[in-house]
Amino acid sequence: MGFVRTTTSQGGDGGFGMGFLLVFFPGDEQDTRRRHKFNPFCSPLRRALFGHLLVRAQTTAFICLLLFFSAVLFFTVSTLPPSNHRIYGEPRRMLVDKTRELRLPHALQGMGTLYRRGTAAMTDIVVVHAAESLSLNELKLFIRLFLRSDVASRSDLVFVFTARKASIDDVILQENDDFLKILSQYRFNLKNDSQFPASFDVSQFLKTNRKAKERGESIWGKRIKSNSVGGDTELNRPSYGSVVGFEAEELDPENSLSGFVDHAPISLRRWACYPMLLGRVKRNFKHIMLFDPKAIWLIGDPLSRFRSHRPESVILNPTVHQGRHAKKSPSSTRSKPVHPGIIMGGSKGVRRLSNTMLIHIVNAALQRRRKNSVSELGVFNQLIENEFILNDVRLIMSDEPIVESSSLSGSSYLNHSLVRRAVGDQDIVSAVVMKHICSFPIDSLVHRDCYNMIQ
């Protein structure tokens, strides 16, 4: 609201005047209303802002909880073992085997499976390739005989499988557990002067081991501070080697023979697995034995007479053929066929022979039109007859040939270190061997399968 006041001069028409324009505003009332309207601390606006912040906080908390539970669910699902079949109908034993399979540690550098860790580092290594046709009973019998042999107290046992199975793991673990129980019981009986007879020479596992500390720990598995069992010290604890296993894909991931041999069996593919395996442990073992449990039984210690030979030496065992074609002339020993199921000797000689054998298999496959016509026995015997190729290997023909099981009777097999399994009488001889083992009281109490034989 305002008004205009004009002042005019009295001096005539040409004069001029000066006027004032005054405008009045209700300043205090309007300023008060404006401050009241835009004041951010007034109650309605405060409640609106608080409600908006509360909604945003609740939304953020819900999103965080959703992300957290999603991460937990993803982690739980990713840690479950892969399975392509339902397990609701599986028996309890199969579930136990799967759990045991997951708990078995690696043997060497993230590869393989450690079934038993030895008490100390061993000087010898026995590499066994398990064929696809090797049954569980045959595997059980081989392990049972090996653990009772003289070579078990100074050697590590290594299996090479085409594919690892839970049933194979169960047999190996069960036989190892039974052997340790039997060995512990025999030790207890010896301390108490018990007269129970033993099924094997227990003293070889109970010798005072004064060099155990110098030999160090086993190379298989994780190193531990103390490897004592049941309070045993370094000097009085039993001495035995480790038991490990590898799959062929771990040692030969590229399947080196796939382009030369169709569906190469483990008897041929094992030669492609040896370079990696023997190369990684070449500084840990002095003697190497390559073994086929499907064809030969290992009962004694065939390396006992050759451990003093040079590292380049390789010992070969000719096969005895019963009948009119058997050769009895000592001068014709080299002409007898040599079975590739048992090859032993110094670490350098065996490694060189295995590398040359792999190359020879490839050359033999290239010379044949059919890729599945390569025979291990034929290729191996052609190789050892070629002295020019193996000029860096010292071949020694053993004067103790491998006898066939068909020529033995009763427990006479115990007099031989190696016995070749004859075709047709495998079940009969296996029953004789198992009956002999189960005839001892302690062994019959530990082994479950001895109960049926006693009945």
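Predicted model: local features only at pLDDT ≥ 70, side-chain atom pairs only at ≥ 80, totals over all residues.

Reader: How many aromatic pairs does a search of the whole structure find?
Author: Rings pair when their centres lie within 6.5 Å. The search covers the whole structure. The number of aromatic pairs found is 13.

Reader: Is the pair of Phe68 and Phe69 made of buried or exposed residues?
Author: The two rings are 5.5 Å apart, centre to centre, with 70° between the planes, an edge-to-face pair. Exposed means over 50% relative accessible area. Phe68 is at 51% and Phe69 is at 53%. Therefore Phe68 counts as exposed, and Phe69 also counts as exposed.

Reader: Are Phe200 and Phe205 buried or exposed?
Author: Phe200 and Phe205 pair at 5.9 Å centre to centre, edge-to-face, with 90° between the planes. The limit for buried is under 20%. Phe200 has 8% relative accessibility and Phe205 has 0%. So Phe200 counts as buried, and Phe205 likewise counts as buried.

Reader: Which residues do ring pairs link into a cluster?
Author: Here ring pairs join up into a cluster. Its members are Phe142, Phe146, Phe159, Phe161 and Phe291.

Reader: Is the link of Cys438 and Cys450 left-handed or right-handed?
Author: Both Cys438 and Cys450 are buried. The angle about the S-S bond is -70°. The link is left-handed.

Reader: Is Cys64 buried, exposed or partly exposed, and what of Cys273?
Author: Buried means under 20%, exposed over 50%, and partly exposed lies in between. Cys273 has a relative accessible area of 0%, so Cys273 is buried. Cys64 is at 46%, so Cys64 counts as partly exposed.

Reader: What covers the buried residues of α10?
Author: Helix α10 spans residues 376-385. Its buried residues include Val379, Phe380 and Leu383. Among the elements that cover the buried residues are α8 (266-280), β9 (313-318), β10 (338-346), α9 (347-367) and β11 (394-397).

Reader: At what angle do α9 and α10 pack?
Author: Two packed helices are described by the angle between their axes and the distance between the axes. The axes of α9 and α10 are 10 Å apart. α9 passes α10 in a right-handed crossing. The angle is about 115°.

Reader: Which residues in α9 meet α10, and what classes make up the contact?
Author: From α9 come Leu353, Thr356, Met357, His360, Ile361 and Ala364. From α10 come Glu376, Val379, Phe380, Gln382 and Leu383. By class, the contact has seven nonpolar, three polar and one charged residues.

Reader: Is Ala364 buried or exposed, and which residues is it in contact with?
Author: Ala364 lies in helix α9. Its relative accessible area is 7%, so Ala364 is buried. Its C-alpha is 9.2 Å from that of Phe260, 104 residues apart in sequence. Leaving aside neighbours within four places in sequence, Ala364 is in contact with Val374 and Val379.

Reader: Which residues does Thr356 touch?
Author: Thr356 is also found in helix α9. With a relative accessible area of 16%, Thr356 is buried. Residues up to four places away in sequence are not counted. Thr356 touches Leu383, Ile389 and Leu390.

Reader: Where is Asn255, and what is its phi?
Author: Asn255 lies in the loop between α7 (248-251) and α8. At a relative accessible area of 27%, Asn255 is partly exposed. Its phi is positive, in a residue other than glycine. The value for Asn255 is near 50°.

Reader: Is His263 buried or exposed?
Author: His263 has its place in the loop between α7 and α8. Its phi is positive, about 55°, although His263 is not a glycine. The relative accessible area of His263 is 80%, over the 50% limit. Therefore His263 is exposed.

Note on methods. Residues numbered from 1 in each chain as written. Heavy atoms only, no water. Phe/Tyr/Trp six-rings, centres within 6.5 Å; stacked < 30°, edge-to-face > 60°. Buried < 20%, exposed > 50% of the residue type's maximum accessible area, 1.4 Å probe, protein only. Disulfide = S-S within 2.5 Å. Helix = DSSP H or I, 4+ residues; strand = E, 2+ residues; numbered from the N terminus. Contact = heavy atoms within 4.5 Å. Axes fitted to C-alpha atoms, helices over the stretch in contact; angles between N-to-C directions. Left-handed = near helix turned anticlockwise from the far one by under 90°. Nonpolar A, V, L, I, M, F, W, Y, C, P; charged D, E, K, R; others polar.
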